[in-house]
Amino acid sequence: MLSSISKRLESLLRARWLYHVGAVVLTFMFWGSGLSKLMDFNMAKGEMAHFGLNPPALFAVLTIIVQLGGSLLLITGSRFAWLGAGALAVFTLLTIPVAHRFWELQGDMAFLEKMFVFEHITVVGGLILAGIAA
């Protein structure tokens with residue numbers, strides 16, 4: 001019985017459709033954010049300006065391209081999925097000194113931003129594994 005369950009699980013884990021589902025879920029924060037910025041470009045520019053990124057429109061466009069393009073490459077599992085995973089990983093790491101500067105904060109805000117950094121590092125690990133699996 002255990003052997004039968006093991007074989008079924010192995011078959012499931014080798015299913016290409018499950019890779020695509022996992023990639024959609026892993027990249028949700030990126031394509032969700034990218035679509036949101038695309039639908040409200042003024043908000044996207046405001047976000048870039050808030051973080052001191054100038055010119056805001058250029059940074060908004062580049063962010064949308066990385067978030068949507070990287071997600072698409074990874075989700076489709078194309079031969080360039082590794083590039084999408086890498087672009088999203090680098091983007092995620094770059095957001096830390098721009099948007100999550102916990103070392104400059106005190107108390108609860110410092111703790112919250114540090115937790116975001118830990119989450120970002122975890123996501124980068126997932127992106128590395130997804131790039132390998134693709």
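Tutor: A residue counts as buried when its relative accessible area is under 20%. The structure discussed here is a predicted model.

Student: What percentage of the residues of the chain count as buried?

Tutor: The cut-off for a buried residue is a relative accessible area under 20%. The chain has 134 residues, and the share of them that counts as buried is 29%.

Student: How many helices and how many strands does the chain have?

Tutor: From the N terminus on, the elements run α-α-α-α-α-α-α. The C-alpha atoms of the chain fill a box of roughly 55 × 35 × 20 Å along the principal axes. The count for the chain is seven helices and zero strands.

Student: Is phenylalanine 30 buried or exposed?

Tutor: Phenylalanine 30 lies in helix α3. Leaving aside neighbours within four places in sequence, phenylalanine 30 is in contact with Gln67, Ser71, Leu88, Phe91, Thr92, Val123 and Leu127. Because its relative accessibility is 2%, and the cut-off is under 20%, phenylalanine 30 counts as buried.

Student: How far apart in space are phenylalanine 30 and serine 71, C-alpha to C-alpha?

Tutor: Ser71 is one of the residues in contact with phenylalanine 30. In sequence, the two are 41 residues apart. In space, their C-alpha to C-alpha separation is 6.8 Å.

Student: Are α3 and α5 oblique or roughly parallel to each other?

Tutor: The axes of α3 (residues 28-39) and α5 (residues 56-76) come within 8 Å and cross at roughly 140°. Angles over 145 degrees count as roughly antiparallel, under 35 as roughly parallel and 65 to 115 as roughly perpendicular. The crossing of these two helices is left-handed. By its angle, the relation of α3 to α5 is therefore oblique.

Student: How many nonpolar, polar and charged residues does the contact of α3 with α5 have?

Tutor: On the α3 side, the residues are Phe30, Trp31, Ser33, Gly34, Leu35, Lys37 and Leu38, and they meet Thr63, Ile64, Gln67, Leu68, Ser71 and Ile75 in α5. By class, the contact has seven nonpolar, five polar and one charged residues.

Terms used:
Residues are numbered from 1 along each chain as its sequence is written. This is a predicted model: local features need pLDDT of at least 70, side-chain atom pairs count only at pLDDT 80 or more; totals for chains, interfaces and linings use all residues. Side-chain values use heavy atoms; hydrogens and water are left out. Axes are lines fitted to C-alpha atoms, for helices over the stretch in contact, and angles run from 0 to 180 degrees between N-to-C directions. Helices (H or I, at least four residues) and strands (E, at least two) are DSSP runs, numbered from the N terminus. A crossing is left-handed if the near helix is turned anticlockwise from the far one by less than a right angle, and right-handed if clockwise. Contact means heavy atoms within 4.5 Å. Ala, Val, Leu, Ile, Met, Phe, Trp, Tyr, Cys and Pro count as nonpolar, Asp, Glu, Lys and Arg as charged, and the others, Gly among them, as polar. Buried means under 20% relative accessible area, exposed over 50%, partly exposed in between (1.4 Å probe, protein chains only).
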